[in-house]
Structures are given as structure tokens and as C-alpha cells.
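Work through the exercises below with the sequence and the model open. Each task is followed by a solution in steps.

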Amino acid sequence: MLDGLSTAGLTTGCRHGVPWYVSHLGGHLVAALADLDRPLSDGLADALERVAAAHPECDLRNPGTPSATVAILRHHYGVLDHLVLADSPIVLDGPQGHTLITDVRVDGVLTDLRAEVERHQTHTPGHREALQRLVLAQRQVRNTPEGYWVAASSPEAAQHALTGTTSQTGIHAAAVMSDGVSRLVTEYSMATWSDVFTTLQTDGPRGLIETVRKVEATDPTGVRWPRYKSGDDAAVAYCRW
């Protein structure tokens with residue numbers, strides 16, 4: 001799961017844009033991880049390096065260079081390997097309930113500016129200006145020890161991803177999703193993870209995304225749930241065994 005970071009209308013130093021970056025990173029990731037014994041972080045580092053090499057004419061040192069969150073779940077040899085970099089989570093449905101694997105280091109950075117964005121309703125000049133101030137400040141600490149880590153132009157970010165392995169024993173299903181989906185539970189509190197997996201089993205990813213959109217439609221300007229957008233990009237991959 002790759003979720004491109006919003007540019008908030010600011011320049012990036014790249015003529016290709018975020019969709020191009022995400023598309024190319026995904027292709028290189030699949031190729032880099034064709035060897036099931038290769039560590040996920042090594043595969044991600046290789047993919048980041050190859051994407052950077054594909055557009056050397058762009059200013060890859062620009063702090064706003066196209067970037068993305070990464071969440072990878074790999075099944076092999078009876079275990080589940082995971083990697084998360086930034087806030088696209090993985091959720092496992094197992095014998096002890098639901099296990100959330102996520103990287104929310106960004107939430108502890110620039111909290112004052114985040115609060116300023118949330119004071120404004122979406123689709124207002126105040127909200128747009130506050131969001132641009134936040135994104136500009138985030139760019140200065142992105143992929144630094146003082147800030148948080150995302151997939152961008154440097155392969156170093158891969159070594160800061162959160163990784164681990166879980167035995168598949170007792171794991172019934174898993175979901176890898178963008179935060180535009182997970183917020184139904186984590187921010188809106190309008191469902192539990194059990195509800196999410198029930199919807200995925202009965203209605204599939206499309207049904208879950210439709211549920212998210214229906215909830216957001218009840219609060220189009222972010223009064224009840226302050227947020228950066230009325231509705232963020234939503235995608236989910238669902239696996240069952």
C-alpha cells in the first residue's frame with residue numbers, strides 16, 4: 001500500500017508529480033521483493049534508489065520532493081513479514097483479536113501547527129493557509145532524526161521503517177490500508193476493527209470505502225472531525241486464509 005503525500009499546492013522540485021512517483025515506486029517494489037528471502041527494508045531501499053535514478057533532472061533535494069507512505073505485508077514460509085513507513089496501517093485478525101501495526105511518528109511533530117489546521121473548517125481560506133504552513137514546516141523535518149520518515153528520494157528512509165514478523169498460526173485475515181480508511185476507527189470512532197473486517201468479508205474493500213465516505217458526508221466541513229481534507233484518498237487490500 002502506497003499513499004502519496006499531499007503537496008498542499010506547494011512546489012516539489014519535480015516535474016513528474018506525486019502520482020508518477022507512487023506508480024514507479026510500486027513497480028520497483030514488486031520487482032525488488034520478488035526474492036522472498038530479501039528483507040523488506042532492503043527491497044524498499046533498492047526501489048527508492050531506482051526511482052530516484054529515473055528522474056535525475058528533477059531537484060531531488062527539494063524538501064517537498066514527491067513522497068509516500070508505505071505498508072507491506074508479505075506471506076511466506078508460514079509467517080507474515082510486515083513493514084510500515086508513516087501512517088498507512090496493517091491490521092491482523094488473529095486469535096487474540098485485532099493487532100494494529102502502524103507508524104504514527106508524524107503525530108508527535110509540529111503539534112501546534114496541526115492544532116491550528118484543525119481549528120478551521122475545510123474548504124475555507126483559513127484552513128488552506130494553515131495547512132500550507134503545516135506542510136512547509138513538515139518538509140523541514142521530514143526524513144530527519146528530529147521528525148518522521150517517509151518514502152522519498154533517499155534510500156536511507158527504508159532503514160527507519162518499522163518491521164517485524166508474525167506467525168501465521170491463528171491469523172484469519174489481514175488488511176493493509178491507507179489512513180483515509182483507517183480513520184473510520186482511529187479518528188472517527190464510528191466502527192471497531194471487528195466491524196471493519198465484517199464489512200470486508202461481506203461487502204469487500206469497495207463496501208468499506210463506501211462506509212467511510214458515507215460517514216464523512218455527514219460532516220463535510222470537518223466540524224465534528226477536524227481534518228486536512230473532507231475525504232482523503234482511500235484504498236485497502238484484504239487478505240483471507
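Axes are lines fitted to C-alpha atoms, for helices over the stretch in contact, and angles between N-to-C directions run from 0 to 180 degrees. The model used here is predicted.

**Exercise 1. Helix packing**

Task: Describe how helix α3 and helix α4 pack, giving angle, axis distance and handedness.

Solution:
1. Two packed helices are described by the angle between their axes and the distance between the axes.
2. Helix α3 covers residues 111–118 and helix α4 covers residues 125–141. Their axes lie 8 Å apart, at an angle of about 160 degrees.
3. Angles over 145 degrees count as roughly antiparallel. The pair α3 and α4 is therefore roughly antiparallel.
4. The crossing in which α3 passes α4 is left-handed.

**Exercise 2. The residues of the contact**

Task: Which residues of α3 meet which residues of α4?

Solution:
1. On the α3 side the residues are Leu113, Arg114, Glu116 and Val117.
2. On the α4 side they are His127, Ala130, Leu131, Arg133, Leu134 and Ala137.
3. By class, the residues of this contact comprise six nonpolar, one polar and three charged.

**Exercise 3. Two residues from the contact**

Task: Is histidine 127 buried or exposed, and is arginine 114 buried or exposed?

Solution:
1. Histidine 127 belongs to helix α4, and arginine 114 to helix α3.
2. The cut-off for buried is under 20% relative accessible area. Histidine 127 has 4% relative accessibility, so histidine 127 counts as buried.
3. Arginine 114 has a relative accessible area of 17% and is therefore buried too.
4. Leaving out residues up to four places away in sequence, histidine 127 touches Val117, His120, Gln121, Thr122, Arg227 and Tyr228. The side chain of histidine 127 also comes to 2.9 Å from the backbone oxygen of arginine 227.
5. With the same exclusion, arginine 114 touches Val106, Asp107, Val109, Leu134 and Tyr228.
6. Arginine 114 and serine 230 are 116 residues apart along the chain, and their C-alpha atoms are separated by 16 Å.

**Exercise 4. A loop residue**

Task: Where is threonine 12 found, and which backbone atom does its side chain reach?

Solution:
1. Threonine 12 sits in the loop between β1 (2–4) and α1 (18–32).
2. Its relative accessibility is 11%, so threonine 12 counts as buried.
3. The side chain of threonine 12 reaches the backbone nitrogen of cysteine 14 at 3.1 Å.
4. Not counting residues up to four places away in sequence, threonine 12 touches Thr7, Asp59, Asn62, Gly64, Thr65, Pro66 and Arg139.

Key. Residues numbered from 1 in each chain as written. Predicted model: local features only at pLDDT ≥ 70, side-chain atom pairs only at ≥ 80, totals over all residues. Heavy atoms only, no water. Helix = DSSP H or I, 4+ residues; strand = E, 2+ residues; numbered from the N terminus. Parallel < 35°, antiparallel > 145°, perpendicular 65-115°, else oblique. Left-handed = near helix turned anticlockwise from the far one by under 90°. Contact = heavy atoms within 4.5 Å. Nonpolar A, V, L, I, M, F, W, Y, C, P; charged D, E, K, R; others polar. Buried < 20%, exposed > 50% of the residue type's maximum accessible area, 1.4 Å probe, protein only. Polar contact = N/O pair within 3.5 Å; in protein donor to acceptor, adjacent residues only side chain to side chain.
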